[in-house]
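This briefing sets out selected features of one protein structure, grouped by topic. Please consult the sequence and the coordinates alongside the text.

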Amino acid sequence: MADRNSGATTGMDRTRFKDIRERIARIPRVKLALTPTPFEEAPNLTRALGGPRIFIKRDDLTGVAFGGNKLRNLEFRLARAMAEQPDTVVVGLDIQSNSARQTIGACNKLGLKTILVLEGERPEVVQGNLLVDYLLGAEVVFAPTREAQRAALDEHAARVRAAGGRPHILNDNPMFDVASALAYLETTLELLEQLERTNVRSNAFYMSSSGKGQAGLVLGRRLTNADLMVHGITATDEFHVPSRTAAIANETLQVLGLDLRITEDEIVNDAGFVGAGYGIPSEASIDAVKLFARTEGMILDPIYTGKAAAGMISHIREGRYGKDDTLVFVHTGGTPSIFTWNSLWL
Ligand SMILES: Cc1ncc(COP(=O)(O)O)c(C=O)c1O
């Protein structure tokens, strides 16, 4: 499909990389993630699919509490929080949230207590991310609806304050979108350097994203003039991802002081692999998780990365790429959820 003579790695402009990194370095940050994350080829997967070379960016290996994509953005979000010198982070998320697990782990590293307000009821069997949340020592509370969850965040913050503590409600931290884009802009720079060191040109990056992380990849591609496609695959159809991604990318450009605009029509995000809905494994995602595990010994998850992998596999099977092409799959983590869905693998 792609022009093989034009690759992501030709003519990398070092000054440009340095300039982007200097702009990111002006934004307050705490160190949490183990980076750069590894980059490895998946030759057995290529053989099984009879298709292009495939490399995996191992952002599942960012370290804290089983790792994943959120640790990179928590570096900016928690730095912003730390400016208020909190002693407790209060955060509202979903019961099987990867973000919750990584947030509690990160707060532990920073010496902060976490109160986690989850929407829903405590399940009979505590597994996956929720199990890790308890192990990490968060105070876990449940709220039946989104409205009740919001009220609970304020109530718990007020309780901490009344006892002389200093709460920070992470849901009100204004950095989430921009922090995610900054994180994946930086990941793109890492990736382009890893590709260059491997002497490989990539045609396309694939990643699970509902817009935030993808904004970073899109910015990385545009700011470095990398000649490759960025394919986001969303795990939720709750948002119109292209407009969201463009808006986040533009907000991030402003924060970086760069006079550029990203338009919605340059964003490629596929909502065709959500399946029955957010948080529900699809047949294709289950197959993708099994294929990665059984060819490369690599664990994906059936909710995010499995759906993104299903998208990439489907594009390969459609014949979009030939054997001379090279794809990069960004593994964003989420692996503890395989335990929640144990019957799928038996
Ligand atoms: C494993 C995993 N991959 C991808 C995503 C999507 O991230 P974003 O929409 O912030 O790019 C998430 C978000 O929760 C996730 O947990």
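Ser97 caps the N-terminal end of helix α4, with a side-chain oxygen placed 3.1 Å from the backbone nitrogen of Ser99; a polar contact is a pair of N or O atoms within 3.5 Å, where within protein one must be able to donate a hydrogen and the other to accept it, and residues adjacent in sequence count only if both atoms are side-chain atoms. The model is predicted, so local features need pLDDT of at least 70 and side-chain atom pairs count only at pLDDT 80 or more, whereas totals for chains, interfaces and linings use all residues. Residues are numbered from 1 along each chain as its sequence is written, and side-chain values use heavy atoms, with hydrogens and water left out. Helices (H or I, at least four residues) and strands (E, at least two) are DSSP runs, numbered from the N terminus.

**Helix α4**

- Helix α4 comprises residues 98-109; at 1.5 Å a residue its 12 residues should span 16 Å, and the 17 Å between its end C-alpha atoms agrees with this. The expected span is 1.5 Å times one less than the number of residues.
- Of the 12 residues of α4, 10 are buried, where buried means under 20% relative accessible area, exposed over 50%, and partly exposed in between (1.4 Å probe, protein chains only).
- Among the buried residues of α4 are Asn98, Arg101, Gln102 and Cys107.
- The cover over these buried residues includes α3 (70-82), β3 (88-94), β4 (113-119), α5 (128-135) and α7 (176-198).
- Gly111 follows α4 and has a positive phi, near 75 degrees.

**The four-strand sheet**

- Four strands form an open sheet in the order β5-β4-β3-β6, with parallel pairing; two strands pair if DSSP finds at least two bridges between them.
- The edges of this sheet are β5 (139-143) and β6 (167-169), each of which pairs on one side only.
- Neighbouring strands here are turned by 25 degrees against each other on average, direction ignored. Axes are lines fitted to C-alpha atoms, for helices over the stretch in contact, and angles run from 0 to 180 degrees between N-to-C directions.
- Strands β3 and β4 run parallel and are joined by seven bridges, with Leu93 opposite Leu118 in β4.
- Helix α6 (residues 146-162) packs on the sheet and touches β3, β4, β5 and β6, its direction making about 160 degrees with that of β4. Contact means heavy atoms within 4.5 Å.
- Helix α5 lies across β4 and β5 and runs at about 135 degrees to β5.

**The six-strand sheet**

- A further open sheet has six strands in the order β1-β2-β10-β7-β8-β9, and its pairing is mixed.
- Its edge strands are β1 (39-41) and β9, each pairing on one side only.
- Strand β8 (residues 229-233) is largely enclosed by the rest of the structure, because four of its five residues are buried.
- Strand β7 (residues 204-208) runs parallel to β8 and is joined to it by five bridges; Tyr206 stands opposite His231 in β8.
- From β7 the chain passes through helix α8 (residues 212-224) to β8 in a right-handed β-α-β crossover. A crossover is right-handed if, with the strands pointing away from the viewer, the path from the first strand over the helix to the second runs clockwise.
- On β9 (residues 268-270), which runs parallel to β8 and is joined to it by three bridges, Asn269 stands opposite Gly232 and Asp270 is the bridge partner of Ile233.
- Strand β8, helix α9 (residues 241-256) and β9 also make a right-handed β-α-β unit.

**Individual residues**

- Asp325 lies in the loop between α11 (305-317) and β10 (326-331). Asp325 is buried, with a relative accessible area of 0%, and its side chain makes a polar contact of 3.4 Å with the side chain of Asn203.
- Thr295, in helix α10 (residues 283-296), counts as buried at 18% relative accessibility.
- A polar atom of the Thr295 side chain lies 2.6 Å from the backbone oxygen of Leu291.
- Apart from neighbours within four places in sequence, Thr295 is in contact with Asn44, Leu45 and Ala48.
- Arg47, in helix α2 (residues 43-49), is exposed at a relative accessible area of 61%.
- Arg47 and Thr295 are 248 residues apart in sequence, with a C-alpha to C-alpha distance of 9.1 Å.
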